Amino acid sequence: MGRATGPDEPAGAEPPARQRIRVLHVLPAPNGTTQYVDHMIGAAPPGTAVLTFSWPRAVFGAYDVLHVHWPELLVRQRTPVGRLIKVALAYTLLLRLELTETPVVRTVHDVAPDEQGHRLAKSFLDTLDRRTALWIRLDPTTQLPPGVRSMTIPHGHYRSVFPPDPRIRPEAGRLFLFGLIRRSKGVERLLDVFRAVNDPVMRLTIVGRSSDLRLTDRIEAVAAADDRIEARLGSVPDDVLATEVRRAELVVLPYPDMHSSGAALLALSLDRPVLVPRSAATDALAREVGDGWVFMFDSVLQPADLLRAVAVARMTRERGTRPYLDERDWERVGRRHAEAYRKVVPRLAGGAVGS
């Protein structure tokens, strides 16, 4: 990305050509919905050309840094033929990186991919890891391979995407779960716990896409048997999702374990408290945003966890404060990425990378 402006330069000035950086993100182009790629583009300071991914561009295009986010997507494909083609392209990309000495930057979004993949895919991912010049973690608790160069750059907030809307007030007793609906995220446990809460005022809304037909059937059957539960198992537009978050008194993310969570950050950006599993990452998030915004349960979610979190969330709302998210301002996030790229591009590199 760009460089810091000097005392005689106006803020936002375009840096000299030799200091401009072209970054190819392994992310799809924007599609009209709010995605991580939109933030990477919007946060880029002057002097950065942000390119989105295509195989022709990755293999034949001109760029200074390859920024990888979910590397397993480079080799993941449903069909055997598709996997073979992707693996061939992936190894061609490795060859191009080697021949051009193009540095790789990697953002660690998840502790580990959901699927490890086949042998050739794993070999590619291991090789890409060894070629990575700088690792970016979203959270200081993220464990990285020993001895690697790293920086910590938190995920930016969503306040600029979803500005405050005082017309939508939280509804008493309304709980909300959203995101990709998977068994591994504790959805069935939440259903059982919610039904054990004998409170007619309580409501639970579940919104998100599910690719598990058995889980979909289970959720819909439980919702049909309890009129306090509403399930919309499909993708919804961003504005609809924001409205549903704002209607909630509490966003519940009942995952058995949690590292970084875009869903939790979205809820906090919209000034709604979250209930999440206790972990090093969620402890750090709770300390960052301030009291009364991040509630944690230990081990397995219980009815008492829901009731306690709702009660304290009401007191938080009465205070009239907002979660502290200043460190996640996207302009600041963009500047930090600029520092990262400058450290790995040979013509600009200088100084050690701090963690």
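Colleague: I'm new to this one. Which strands pair with each other over five bridges?

Modeller: Strand S7 (residues 174–178) and strand S8 (residues 203–207) do, and they run in the parallel sense. Keep in mind that this is a predicted model. For a spot to look at, find Arg174, which stands opposite Arg203 in S8.

Colleague: Okay, and what is the order of the strands in the open sheet?

Modeller: The order is S9-S8-S7-S10-S11-S12, six strands with parallel pairing. At the edges stand S9 (229–232) and S12 (294–297); each has a single partner strand, so one side of each is left without a neighbour in the sheet. Going from one strand to the next, the twist averages 25 degrees.

Colleague: Which helix lies across S11 and S12?

Modeller: That's H9, residues 280–289. Its direction is at about 155 degrees to S12, and the S11 stretch is 274–277. Then there's H10 (residues 303–319), which packs on the sheet too. H10 touches S7, S10 (250–252), S11 and S12, and makes about 165 degrees with the direction of S12.

Colleague: Now helix pairs. How do I read two helices that pack together?

Modeller: The general idea is that two packed helices are described by the angle between their axes and the distance between the axes.

Colleague: Is the crossing of H5 and H6 left-handed or right-handed?

Modeller: Left-handed. On the H5 side, the contact is made by Val187, Glu188, Leu191, Asp192 and Arg195. H6 brings Leu215, Arg218, Ile219, Val222 and Ala225. Sorted by class, that contact has six nonpolar residues, four charged ones and no polar ones.

Colleague: Let's finish with a single residue. Where is Pro323, and does it count as buried or exposed?

Modeller: Look in the loop between H10 and H11 (330–344) for its place. Buried means under 20% relative accessible area; Pro323 has 2% relative accessibility, so it counts as buried.

Colleague: Which residues is Pro323 in contact with, leaving aside its neighbours within four places in sequence?

Modeller: Those are Arg159, Leu268, Asp271, Val289 and Trp293.

Key
Residues numbered from 1 in each chain as written. Predicted model: local features only at pLDDT ≥ 70, side-chain atom pairs only at ≥ 80, totals over all residues. Heavy atoms only, no water. Left-handed = near helix turned anticlockwise from the far one by under 90°. Helix = DSSP H or I, 4+ residues; strand = E, 2+ residues; numbered from the N terminus. Contact = heavy atoms within 4.5 Å. Nonpolar A, V, L, I, M, F, W, Y, C, P; charged D, E, K, R; others polar. Pairing = 2+ DSSP bridges. Axes fitted to C-alpha atoms, helices over the stretch in contact; angles between N-to-C directions. Buried < 20%, exposed > 50% of the residue type's maximum accessible area, 1.4 Å probe, protein only.
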